[in-house]
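Here's a quick briefing to read alongside the model.

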Amino acid sequence: MRKISINCWGQVDVEERRHYRGKAGPREQAKIHVDVRDVVCSCDVALLASQYLRGEGVDTRVFGDAVTAVDRALELALSLMVDEETAILNISIPGKHVSDDHTEMVVLSCTVSLSIVENGKLMFEFTPKEKLAIAVKYKTMGSGLYKEGSKEGCVSKQISAFFFFRNAVKWITMINADKSEDILGEISEIKSQCYNNLALYHLHRHHYKLSVAAATTVLIMDNKNVKALYRRAVANTALQNYEIAIDDIEAALAIDPNNGPVKKQCDIIRRKQRAMSVKYANALKKLFS
């Protein structure tokens, strides 16, 4: 029996070789049964909110739809397994991805058996409309989670939402535009919404450069998107790029002059610009006095 270790998102270690038995591994969107046994965890398992851990082996799940941090780690391990394989899993993830109050690493070990009910199609077999539908599904799931997380003040739910937005973008970018002329408008709309959501997520997590990049992607598609202009301005304000920020906020005001948050941000930038000018003026006085 193989042992698979997942440590801190992306560090994977597999002990023992898998002997080829002609079995396939799960592809994205595959329908699977997962039986989890002998669970040992460093925290209360209920905190993990795991569909896989609290489910039954006969429950059918869609591979790729994992919501929580532990389930995403489990699916990473499952991606290394094949149909009808049983393996021992060791998972270690930062506590902040499990609960906002949990600061220590969460360590989980269990025995997992995988059964593929219906494997997913190869990527080129999905039609553009099927890819779009999957992207919409992930975008909707992410939006719901983000709203819940914002309402409850739950950072772990907001982090989970980020992964859904990222997955939605992945499926959108795999659509061949030359073969999708009839749905180009829908593709652009979903892509814009996802990148705008990513800009907001990165803004709240203080990842300002990533927020600028996500908002810029939206503005390349639609240079009059007020949300993207506002979020990029807020991020650039935090980065002290005031001249760039004021250009964006004034562009947003020209489109929506009565937007309260935009007007407030404009005032913030102006105050910071004035404070910076005074600081430079005082520095010059000291230099030449």
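**Around Met 174**

Met 174 is partly exposed, at 27% relative accessible area (buried means under 20%, exposed over 50%, partly exposed in between, with a 1.4 Å probe and protein chains only). This is a predicted model, where local features need pLDDT of at least 70 and side-chain atom pairs count only at pLDDT 80 or more, while totals for chains, interfaces and linings use all residues. Residues are numbered from 1 along each chain as its sequence is written, and side-chain values use heavy atoms, leaving out hydrogens and water.

- Met 174 sits in the loop between α4 (155-173) and α5 (184-204); helices (H or I, at least four residues) and strands (E, at least two) are DSSP runs numbered from the N terminus.
- Setting aside neighbours within four places in sequence, Met 174 is in contact with Met 123 and Lys 131 (contact means heavy atoms within 4.5 Å).
- Gly 120 is 54 residues from Met 174 in sequence, and their C-alphas are 16 Å apart.

**Overall picture**

- The protein has 9 helices and 6 strands, and its C-alpha trace spans about 80 × 50 × 35 Å along the principal axes.
- Of the 289 residues, 44% are buried.
- Among contacts with a separation of 6 or more, 65% are between residues 24 or more positions apart.

**The sheet**

- The 6 strands make an open sheet with mixed pairing, in the order β2-β1-β5-β6-β3-β4 (two strands pair if DSSP finds at least two bridges between them).
- β2 (11-15) and β4 (60-62) are at the edges with a single partner strand each, so one side of each has no neighbour in the sheet.
- From one strand to the next, the twist averages 35 degrees (axes are lines fitted to C-alpha atoms, for helices over the stretch in contact, and angles run from 0 to 180 degrees between N-to-C directions).
- β1 (residues 2-7) and β2 run antiparallel and are joined by 5 bridges; Ile 6 has Val 12 in β2 as its bridge partner.
- Helix α2 (residues 69-78) lies across β1, β2, β3 (31-41), β4, β5 (86-93) and β6 (106-118), at about 140 degrees to β5.

**Salt bridges**

- There are 13 salt bridges in the structure, each a side-chain nitrogen of Lys or Arg within 4 Å of a carboxyl oxygen of Asp or Glu.
- Lys 170 pairs with Glu 28, with the closest N and O atoms 2.7 Å apart. That pair links helix α4 to the loop between β2 and β3, 142 residues apart.
- Glu 118 and Lys 31 also meet in a salt bridge (4.0 Å, N to O), tying strand β6 to strand β3 across 87 residues.
- Glu 148, Glu 152 and Lys 157 are linked in a network of salt bridges.

**A buried lysine**

- Which side chain of opposite charge is nearest to Lys 139? Glu 189 is, at 7.2 Å, and Lys 139 is buried with no salt bridge (Lys and Arg count as positive, Asp and Glu as negative; His and the chain ends are not counted).
- Lys 139 belongs to helix α3 (residues 128-152) and, beyond neighbours within four places in sequence, is in contact with Phe 165, Ala 168, Gln 193, Cys 194 and Asn 197.

**Cysteines**

- The whole structure has 0 disulfides (pairs of cysteine sulfur atoms within 2.5 Å).
- For Cys 43, the nearest cysteine sulfur is that of Cys 41, 3.7 Å away; Cys 43 is buried at 11% relative accessibility.
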